[in-house]
Amino acid sequence: MNLLRPRALLPALVMLALPACADDPPSETGLSCGPGTKEVAGACVPAATSPGLTCGEGTADVDGQCVPTATTPGLACGEGTADVDGQCVPTALEPGHFLSPMVQLQNLHEVGSHTDEVHIREDNLLLNCSYTFNVIDAEDPANMEVLAGGLRHTIPGDTRTPGCKHLAWDGDLVFTTHLGNIRNPAFLSGWDISDPEAPVQLPVLQEAGISYEGVDVANHHIFVGLHGSGLGVYSYDSATGFTRVGSLGGFTNAWGIAARDNHVFVADGVDGLVTVDATDPANPVELGRVATGGQAKGVVVEGDFAYVAAGSAGVAVVDISDLESPVVVGRAEMPGTPLRLAYSEGRLFVAAWNDVRVYDVSTPESPEFIAAVRIPREFEYDDPNRELPTMRTFGVAARGQDVFIGTWENPYSYRLEPDRLAPNIRLPEAAARIDFGPVAAGKTKTLPFEVTNQGTAPLTLVDTWVSSPAFSVAPRQARIEPGKTLELSLTYRASAAEQEIGYLHIASDDPAAPVRKAYLVGNAPGVSVGAPLPATTGTMLDGTTWTSEDSEGSVLLLTYFATFCPVCANHLPDTEERFWQKYKDQGLHIVALNPRESVDQIGQVQTYCDNIKVTFPVGLEETASTYSAVTSNFPGPNPFPVDVIVGKDGIVRYATHEYDPDAMTAVIEQALAE
């Protein structure tokens, strides 16, 4: 405080000098001070305001001189502070205080993994299709109880006893489907849950050449998407089992199904939404169709609107008041790939691959974002500093504010608090491994890194830092408004030719994720960014042989899949729509290779690909050597899909095992432009 005393004396000096002016009589000392001066303690000193002196904004007249008012004489402010009106105040951004709008209640660890679909019934039974079929008491979402878990379907001639992909119910009868793959057969079956603690499997229906996808029930008829075979209509009788009673063709890839009264709504892949009159179940009739963009996979219907999960096109809102002329009237764009939907009390819940998202659709034409939740997946890395990978989410159900999420591993329950405003940080999935490629010792390379606030309140980055002197980040602090994106600059200064790693830390006021991390690597060995793609050979489904030399001089997207991989059945069609259809005429090559199946299974891989409807070249990698070389850099629980982008020069530009279509688009477009 002593530092403030010189300035604090000035007003007192001015007050003492007031009686002394040019027209005043001489003081008792006989001293007479001239213009511009005052008598102070028996001496003439300059007046506080000098005649003819005008000080500009931010300055003041002190002893006849204009001095800055923002800097107090003798006041020295430390790092992170500044002089404001004579006081040192912090310049650092202060975090807000928020509560998360999505509150986790429970994780059902004991339920089978690879959850594909969840549905909540009016009797509070949560039904779950995964590697197994499960019946869960969800009356209390914070204390759910598995009534019957780990149930597998017994299929004639099959020893694997698989789970299911989709489900629907008619009273105590739950119908289940599986599209089939090399390890699991295609079937329509189900369970009698009259006793939910002891379900009894229904008979199995298998039709030659038929693959079963989405399913729903209306008027005791079962409607099933049959991919390219269209829409199948079935009945069930305890004595005779399942019977096909009707069919409708003319579909590209009938996937998701919603049945309501006498009408059926079919998500038909790249051909969008199809409306069907099923008044006569034996002879269903197409009424209308509308292109939704993207790949239509899931659909829910509420009132005069259908909501369609359409991959790269987000969620399309379709006005179905005129069933013969459905019209897209709104859209919710989003990162990732929306797969399934649920509706409850004016809100739409979206399972969007890397997160679950909630929208207010009280005005259907204008969905408004409410919240999103990313669920990390438990995994024991050798390096405990690594951030847990993102759990993949495929199923979602809702009951009021209760949200049930089907993830790659287990069902979760959450409570939605829709009135809470909060920031929500989103990082690129490529944060799992940001590869700077080769950088000579002493040289630097800078990469952009986007941080998005997809929340409903400003996001404050309180601090950003890297746990290695070889890497740096700027800016250290920032504030990001809702819906906006900030580009951080990540710089790598190589100190050696060997691999160097670091961890970017982002501390923020996101209540659900106060610290996020990204893994940084430079001069990585093996098949990594900056390295040439090894010679790669594939035996293609059409009997030809593809080699990486065939794509020399072109930009190549090499994507690896497995038929048993649940996400790959969504990833490959999304790749078709996002990248193949958009960039193939600009010179992009796409080749999908399966490194897990042998050549003698190529016919079964062909059947799998017929179901998912892709037109780019598909085959089997003969030795899986390139797949092994790439994935050796990606420890973690997600072996598929793997995407590698190679430039025209044969050099790897991008490699990941976490699907990040936005990042891939940027790399592809840059490589094509070179």
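## A first look at the salt bridges and cores

By the rule used here, this predicted model holds 21 salt bridges. A salt bridge is counted when a side-chain nitrogen of Lys or Arg is within 4 Å of a carboxyl oxygen of Asp or Glu. Side chains of opposite charge can pair when their charged atoms come close.

Before going further, a word on the ground rules. The model is predicted, so local features need pLDDT of at least 70 and side-chain atom pairs count only at pLDDT 80 or more, while totals for chains, interfaces and linings use all residues. Residues are numbered from 1 along each chain as its sequence is written, and side-chain values use heavy atoms, leaving out hydrogens and water.

| Salt bridge | N to O distance |
|---|---|
| Arg 121 and Asp 123 | 2.9 Å |
| Asp 355 and Arg 357 | 2.9 Å |
| Arg 377 and Glu 409 | 2.7 Å |

How do these residues sit in the model? Buried means under 20% relative accessible area and exposed over 50%, with partly exposed in between (1.4 Å probe, protein chains only). Asp 355 and Arg 357 are both buried.

Arg 377 forms its salt bridge with Glu 409. Arg 377 lies in the loop between strand S31 (368-373) and strand S32 (393-399), and Glu 409 in the loop between strand S33 (402-407) and strand S34 (411-416), so the pair ties together parts that are 32 residues apart in sequence. Strands (E, at least two residues) are DSSP runs, as are helices (H or I, at least four), and they are numbered from the N terminus. Arg 377 is also buried, with a relative accessible area of 9%. Elsewhere, salt bridges with shared partners link Asp 116, Glu 117, Lys 165 and Arg 340 into one network.

Now for the nonpolar side. A nonpolar core is a set of buried Ala, Val, Leu, Ile, Met, Phe, Trp, Tyr and Cys residues joined through side-chain atoms within 4.5 Å. The largest one has 75 residues, and Leu 558, Phe 561, Phe 579 and Leu 588 touch the most other members. A second, separate core has 26 residues, including Ala 431, Val 439, Phe 471 and Leu 490.

Thr 460 counts as buried, at 2% relative accessibility. Contact means heavy atoms within 4.5 Å. Not counting residues up to four places away in sequence, Thr 460 touches residues including Leu 93, Pro 95, Arg 479 and Asp 509.
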